[in-house]
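Look at the structure below and keep the sequence beside it. The paragraphs that follow go through it part by part.

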Amino acid sequence: MKAIAGRAFAALQVRNFRLYVASQLVSFAGTWMQSLAQSWLVLELTGSGTALGTVLALQFLPTMFLAPVGGMLADRLDKRKVIMVTQSCAGLLALTLGLLTLSGHVALWMVYLIAAGFGVITAVDNPARQVFVMEMVGADLITNAVTLNSVTVNSARAIGPAVAGVLIATLGIGQCFLVNAASYLAVIAALTLIRKGELHPTPRATRAPRQLRQGLAYAWTTPTLRTTLVMLAVIGMFLLEFNVTLPLLARDTFDVGASGLAAMDVFYGVGAVVGGLTVAAAGKATPYRLIGVAAGAGTSLVVLAIAPTVLLAYAVLPIVGGTSVAVIAVGNSTLQLNSDPQLRGRVMALFSVALMGTTPIGGPVVGWVGEHIDPRAAILLGGLAGIGAAAFGWMQARQTEQAAVPMTTGPVPVVGQ
């Protein structure tokens, strides 16, 4: 048991990563607080579900279009400094929204503008953040580190909304934005304290023409990267739309109201933490492991879709949470381990596009199915997408093996070297 626990938390033996994870817990708790408070603010301003959807789209659309630029910057620049700049900008945006709300001058267009600003920052921040994890822990611990980071995000998900609910009820919505602004200081402080001599820096790409196109071409012509990104895009578009499917399931199928939805989130979150720790103890990510967890996530959603009672749905949701987090963590690690170091930032930008940039496409589709057909049908769509992605991955892996071609290609020459 002690050995298993040691494997599960192996990356925490690295001092720099310990600092980083602790700061992430604080920062993401603030992010979840802001997410809930922002939704409540929009409802107070408009009472419109369409306005809520617009805010969500504005936060995710920049990832679809700008993440490749963020990946190129991550390949060219010092990742630690990039993250410090993006975190500072995000903190200023949260502070601005908080002050506007407290002063009573906030308007819907301001919320839209700030949400779009967060989207632009995220498009630059995510690729640098993903690659920086590798620089902190090295290739041997990357799967463990990525998974522990996912566990931290889901742990913060249990903290942030609860604190936000108390703050909104006692002090008002604006205080949530101010607390989130302060939470970014934790990340900046941790990055300042990180020992640069203990990092595993990757060679930086030099400025050269057509680097964006080069990153796309590299990912598409590398079998493991191409297959992984296609699988993640399908899963991100249809399976990971829980912000849409679970509320519909709670309200329209089981009629359990807000308290039932909260219980669903808790069961999902518990499973995400346990599943994440399981993946963290399992060793290096491989394409076949990604295929397995994708099939597990799809199958668990199919079971959730046909669950006859809410109690059975509660019982299945921890499995859904665990397998969903496993897909994200194993997919992330697979891409990082199989990427040329000088192109890793651009590859991880495509990871962000696959998981977050597809939300503005998949969310409305899944929502329409849930509203006009049945919430169970929307969940079933996600389950079939996961199983289909796993089948696609398996067929691609078999074809590669039969052709006697390695699952990864060697490093490609980098333009400008």
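Is Asp255 buried or exposed? With a relative accessibility of 65%, Asp255 counts as exposed, because the word is used for residues over 50% relative accessible area, while buried means under 20% and partly exposed is in between (1.4 Å probe, protein chains only). Asp255 sits in the loop between H10 and H11. Helices here are DSSP runs (H or I, at least four residues), numbered from the N terminus, and strands are runs of E with at least two residues. The phi of Asp255 is positive, about 50°, although Asp255 is not a glycine. Most residues other than glycine have a negative phi.

Before going further, note how the model is to be read. This is a predicted model, in which local features need pLDDT of at least 70 and side-chain atom pairs count only at pLDDT 80 or more, while totals for chains, interfaces and linings use all residues. Residues are numbered from 1 along each chain as its sequence is written, and side-chain values use heavy atoms, with hydrogens and water left out. The pLDDT is the predictor's confidence in each residue, from 0 to 100. Its average over the protein chain is 85, and 91% of the residues score at least 70. Over residues 409–417 the pLDDT is below 50, and this stretch has 21 contacts in the model beyond near neighbours in sequence. A contact means heavy atoms within 4.5 Å. Where pLDDT is low, the predicted coordinates should not be read in detail.

Now turn to the start of the chain. Ala10 lies in the loop between helix H1 (2–8) and helix H2 (15–46). Ala10 counts as buried because its relative accessibility is 16%. Leaving out residues up to four places away in sequence, Ala10 touches Leu141 and Asn144. The C-alpha atoms of Ala10 and Leu148 are separated by 9.5 Å, although the two residues are 138 apart along the chain.

Ser23 is in helix H2. Its relative accessible area is 4%, so Ser23 is buried. Not counting residues up to four places away in sequence, Ser23 touches Ala186, Val187 and Ala190. Ile159 belongs to helix H6 (residues 142–170) and counts as partly exposed, at 39% relative accessibility. Apart from neighbours within four places in sequence, Ile159 is in contact with Leu25 and Ala29.

What does the largest nonpolar core consist of, and which residues touch the most other members? A nonpolar core is a set of buried Ala, Val, Leu, Ile, Met, Phe, Trp, Tyr and Cys residues joined through side-chain atoms within 4.5 Å. The largest one has 48 residues, of which Met264, Leu304, Val320, Val327 and Leu335 touch the most other members. Among the elements that give two or more residues to this core are helix H8 (211–221), helix H11 (257–280), helix H12 (287–306) and helix H13 (310–337). H13 provides the largest share, 10 residues. Leu304 touches residues including Leu249, Val316, Val320 and Ile379, not counting those up to four places away in sequence.

The next topic is charge. Side chains of opposite charge can pair when their charged atoms come close. A salt bridge is a side-chain nitrogen of Lys or Arg within 4 Å of a carboxyl oxygen of Asp or Glu, and a search of the whole structure finds four. In one of them, Arg346 pairs with Asp75, the closest N and O atoms being 2.6 Å apart. This pair links distant parts of the chain, with Arg346 in helix H14 and Asp75 in helix H3, 271 residues apart. Arg346 counts as buried at 3% relative accessibility, and Asp75 counts as buried at 2%. Arg129 forms a salt bridge with Asp125, at 2.8 Å between the closest N and O atoms. Both lie in helix H5, four residues apart, about one turn of the helix.

Leu61, Phe65, Leu66, Val69, Val120 and Leu212 make a nonpolar patch of about 460 Å². Patches are made of residues with over 30% relative accessible area and no salt bridge: like charges are joined within 9 Å, and nonpolar side chains (Val, Leu, Ile, Met, Phe, Trp, Tyr) within 5 Å. Accessible areas come from the Shrake-Rupley method with a 1.4 Å probe, and for residues only the protein chains shown count as cover. Helix H3 (residues 49–76) gives the most to the patch, with four residues. Val120 is in helix H5 (residues 108–137) and counts as partly exposed, at 38% relative accessibility.
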